[in-house]
Amino acid sequence: MNLPKITAYIGSAEKDNQDEITLLVKTVKKKSRKNKSFYAVYMTFDLNNNQIVFEDPVPYTDELCYRYNYFGNNSAASAQYYLVREVDGLGYLLTTVWNDLLACLEHNGLAASDLADIIRDISKSGLILTGVNIHEGTVALEKIALFSEKEFRNFNFFAVDKKKKAVKAESLDKEKKITLKFEEIIRRSLGSTNKSNRFVLIVPAVKNSKGEKIILSTHPDYIKLVKIENNLDLKEVDENSIKSDKRICHVCHKPKTKVSSDYSKKFDRNGINKIFTTTTINSARGINKTGYKDNYAICINCYQNLKKGEKIIKDKFSGKIAEENAFIIPEGILDNFDYTCIYSIKENIDFAFNSREVGEWLKRIKADALFLQYSMYTVNIVIYRSDGNSITVLEVIEDIPTLRFTEIMAKLDKNIEKLKGHLKGMSISNIYRMIPVKKNKNNIQVDIGRVLSLYKALFSGTKIESRILFSYALEALDKGLKQLSKKKIDNYTNLGLYDFINGKEDFYIKKIVMSYLVLFKTCQQLGLLDFPIFQEKEVDGSMNAKNGDTEYNTNNTSSIINKMELFLDEQGFNTEARALFYLGALVNRVAVVQYVKNHKTKPVLKKINFQGMTQRDVLRLYEEVVEKLRQYNKMTLYNEHLMNKFHHYYGSLDKKGYLDEHANVFYIMAGYSYMVGNKTPDMTREEEQVLQEEQINQNEEQE
């Protein structure tokens, strides 16, 4: 994957039917809140009344960002001359923006412009104080209309705290200090008492001596300055007419005149081009400054295409994978690939990572005739984080054929169908919900890397160690059950734990174990496991009862045992796994009795060590389970059949065993999970009531 080339190609494919300035426009990221209304508000410098007022709120829409040219904040080390700001950025409008804007106008040959004269008029009125260097200057805080009111007349507003997003004030006798948040200043200035109204965007304006209101961010001189600063005013020249020295552009590999590495400084700090800039600088540490410019310089045409592509990718080809930001970028294997028609590819891939059931995705792509024709396309996925100032790449999955997605989803669907009645549904997105991911106090996923690595292995076709998957499964059971035992869930929320509170722990166990059975079988069928763990064989169709084709008598012990045997045949369990499966079924029988006896935590589950169990541990567990069955007077014909099956499969093994300690526990829990929600012939009336409660819980969980 040649990231800059793809980005430039996407940019070049976009029709030139819009002003270059729109490439810089951003929209406000509002937190979704019920019963909240969002507004933009003017910050007006009233030259006639010599005051600064916040006025004329208008309902916020993303269209306002384009109308008034909202570009976010300038790069941290740059002059802060962008005018329209979010409310959290009001600190810049109260301090350095005006000085920096005038300095930039003067630096770029616009010292005599109309906009520069307006800034000087504001300064002459005493509403702003300019400095000598950038990052200097301030607004005359006492001129803000609110602060001249009676309530604040005895206070000196002396400082703007950008980090706390507030203005500080001190009483004239210095005995009292107050702090007003930016939004509170706007709210009180407008006289708004409705806390449901939120002010998110600030648009600076000037009311001149004639009473005319001038929107500064739409002023032609401001637009011209922004284009100059972002190299959007430069046009591609006729290279054939120029005989001066030329340099090779890193992107298009053609000799050009206007070639420079400095253009990259104007890329969005959290856009896809930042990845190109960062990686080239890091990989070129052994190259001196001149050498870096020679190797990674780009021409003006490619720069502008990269800027276009950067915005298009951010707007149209961004998504979420495992709750992390992702760029999902299709790429043509052939050169004549039309990037104007690939949005549906991205949408279908994005849906694959966010749908709950694979069947939904398969129906969707069958309805999308174009997607089925995209066999000559690949998909590149860049998963990243950004704090607004920088970007960190978490994982890159390159050159995934679109057919690979279809293949994986089809195999998942087939394996889910074999577990009908035990697993409601599953998709690629469920992998994120199967591996515990811890969040720190800042709500950042600290160990998301292993989820992303598993995704990469699936799509790239690299080998996966089965022991790692077994350990992930047991960790999910261990961490999930511990969280469910707490009064309040405080971590590992990616496991979907809130669906299993209030006594639904058994269904959590079932969901995790059955989901991993699907994952194991899918990985084995794709040839990804380091060694096969299931015996792949066709089950006699006449015996197939997985979908309820054959009615089983739930009051007949032999019938139920036959059904369990058929399940094991379909899943391809080997001899040792079958023995452990039946042991797990016995554990479940003890757990149900304990629950009926009001031991709601099912103490027998504490006998299972989710860190792994040796053969000796397994045998000890069996002995304890049998003892409990005797104690509870549950040595029924059905339970004896389960014990016989355990002896039948376990007794034929040599003393060493074939499975590792994690696999032992997994197969025990597979047997336990199978029994959850299923009726047995030896159930008492109380146990049947528990079963009915479980079935109600299962229906609620599936809904």
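Start with H11 and H12, which cross in a left-handed way; left-handed means the near helix is turned anticlockwise from the far one by less than a right angle, whereas clockwise would be right-handed. To find the pair, select residues 343-352 for helix H11 and residues 358-367 for helix H12. Helices here are DSSP runs (H or I, at least four residues) and strands are too (E, at least two), numbered from the N terminus.

A word on what you're looking at: this is a predicted model, in which local features need pLDDT of at least 70 and side-chain atom pairs count only at pLDDT 80 or more, while totals for chains, interfaces and linings use all residues. Residues are numbered from 1 along each chain as its sequence is written, and side-chain values use heavy atoms, with hydrogens and water left out.

Back to the pair. The axes of H11 and H12 come within 10 Å and cross at roughly 165°. Axes are lines fitted to C-alpha atoms, for helices over the stretch in contact, with angles from 0 to 180 degrees between N-to-C directions. H11 and H12 are therefore roughly antiparallel (under 35 degrees is roughly parallel, over 145 roughly antiparallel, 65 to 115 roughly perpendicular, the rest oblique). Show side chains for Glu-347, Asn-348, Phe-351 and Ala-352 in H11, and for Glu-360, Trp-361, Arg-364 and Ile-365 in H12: these make the contact (heavy atoms within 4.5 Å). By class, the contact of H11 with H12 has four nonpolar, one polar and three charged residues. Nonpolar covers Ala, Val, Leu, Ile, Met, Phe, Trp, Tyr, Cys and Pro; charged covers Asp, Glu, Lys and Arg; the others, Gly among them, are polar.

H12 and H14 pack at about 135°, axes 9 Å apart, and that makes H12 oblique to H14. H12 passes H14 in a left-handed crossing too. From H12, pick Val-358, Gly-359, Trp-361, Leu-362 and Ile-365; they meet Phe-405, Thr-406, Met-409, Ala-410, Leu-412, Asp-413 and Ile-416 of H14. The contact of H12 with H14 counts nine nonpolar, two polar and one charged residues.

Next, jump to H15, residues 449-460. What end-to-end length should its 12 residues span? At 1.5 Å a residue (times one less than the number of residues) the expectation is 16 Å, and the end C-alpha atoms are 16 Å apart, which agrees. Colour the buried residues of H15: Arg-450, Val-451, Leu-452, Leu-454, Tyr-455, Ala-457, Leu-458 and Phe-459. Buried means under 20% relative accessible area, exposed over 50%, partly exposed in between (1.4 Å probe, protein chains only). Just after H15, Gly-461 takes a positive phi of about 80°.

Now go to Gln-525 in H17. Gln-525 is partly exposed, at 25% relative accessibility. Leaving aside neighbours within four places in sequence, Gln-525 contacts Lys-411, Asn-415 and Glu-536.

Last stop: Thr-96, in the loop between H3 (90-93) and H4 (97-107). Is Thr-96 buried or exposed? Buried, with a relative accessible area of 7%. Not counting residues up to four places away in sequence, Thr-96 touches Gln-80, His-135, Glu-136, Gly-137 and Lys-162.
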